[in-house]
Amino acid sequence: MTNPVSIANVQPATDVVRVVQLTDVHLCQQRGGTLLGMNTDESLQTVIRKVLRERDQIDLVLGTGDLSDRGALEAYERLETYFEALPAPHFWLPGNHDDRGQMLAAARSDDRLIGEIRAGNWQILMLDSQIPREVGGRLGAAELARLEQALGRAESAGLHSLLCLHHQPVSIGSAWIDQQMVEDAAAFWALIERFNCVRGVLWGHVHQEIEQERGPVRLMASPSTCVQFAPESVEFQADGMPPGYRWLDLHSDGRIDSAVSRIEEELYVDLESDGYLD
């Protein structure tokens with residue numbers, strides 16, 4: 001990640017930090033490009049319009065990976081423009097479809113890919129689970145060390161922590177995509193269990209809504225802003241559920257209120273496709 005001791009400070013409008021997560025956007029190099037037949041520019045813009053209708057206060061926006069489909073500079077440049085419609089700073093982390101160098105080249109803010117955000121009583125950590133040129137995820141020794149140091153700082157400062165990454169750190173019950181979960185998830189969880197400040201873990205990649213708990217830690221995955229994946233599938237299967245986003249209200253006492261919201265518009269998707277990678 002960027003300088004591991006760099007921290008972006010966000011001043012929330014109230015004592016509740018109101019967050020919007022947009023994930024797995026899959027913008028193509030050319031405007032109007034498609035994934036399984038769905039125009040990913042159109043779907044993202046439709047989701048953003050819904051966010052603007054529904055969320056009166058937004059303190060920050062999290063883009064949790066696969067923000068482009070093939071890592072094209074042009075995709076990130078359009079992403080910057082689309083996200084600017086939201087009245088809050090936005091922060092990104094890379095997914096398996098992303099190119100970190102191109103993300104940085106397109107970024108219109110020096111802290112776009114920063115590793116740590118602080119807002120109110122919260123620390124939000126943006127973790128990098130990307131293995132370049134591979135589909136699956138891994139944090140690795142350096143990122144785990146950064147996580148350990150950051151959680152130590154949070155605990156010393158009395159902050160609550162929300163951890164964000166692209167790949168899922170738990171099995172979600174779909175055999176094909178569980179092969180891509182974070183390789184060193186056991187080390188990730190062993191580290192988290194040493195700290196009392198972690199309140200939630202948030203990820204993308206799985207293109208579906210997931211709500212679980214692991215002890216006191218809330219686990220959340222979210223729909224893509226474009227194509228959805230069918231839950232509990234042995235092999236790849238697209239889902240007819242509409243695109244959407246997740247909102248999170250982070251309370252000063254460590255509580256998290258959160259839900260997923262999906263668009264009402266009908267957008268075409270090829271439900272007969274046998275995969276989304278080529």
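Gln 21 has Leu 62 as its bridge partner in strand 5. The model is predicted, so local features need pLDDT of at least 70 and side-chain atom pairs count only at pLDDT 80 or more, while totals for chains, interfaces and linings use all residues. Residues are numbered from 1 along each chain as its sequence is written, and side-chain values use heavy atoms, with hydrogens and water left out.

Strand 5 covers residues 60-64. Strands (E, at least two residues) and helices (H or I, at least four) are DSSP runs, numbered from the N terminus. Strand 2 (residues 17-22) runs parallel to strand 5, joined by 4 bridges. Strand 6 (residues 90-93) is also parallel to strand 5, again through 4 bridges. Here, Val 61 is partnered by His 90 of strand 6. Pairing requires at least two DSSP bridges between two strands.

Strand 5 is mostly covered, with 5 of its 5 residues buried (under 20% relative accessible area, 1.4 Å probe, protein chains only). Leu 60, Leu 62 and Thr 64 lie on one side. Val 61 and Gly 63 lie on the other.

Helix 4 (residues 140-157) packs with helix 6 (residues 185-192) at an angle of about 15°, their axes 10 Å apart. Helix 4 is therefore roughly parallel to helix 6 (angles under 35 degrees). Axes are lines fitted to C-alpha atoms over the stretch in contact, and angles run from 0 to 180 degrees between N-to-C directions. Helix 4 contributes Leu 144, Leu 147, Glu 148 and Leu 151 to the contact (heavy atoms within 4.5 Å). Helix 6 contributes Ala 187, Phe 188 and Leu 191.

How values were computed
Angles under 35 degrees count as roughly parallel, over 145 as roughly antiparallel, 65 to 115 as roughly perpendicular and the rest as oblique. Buried means under 20% relative accessible area, exposed over 50%, partly exposed in between (1.4 Å probe, protein chains only).
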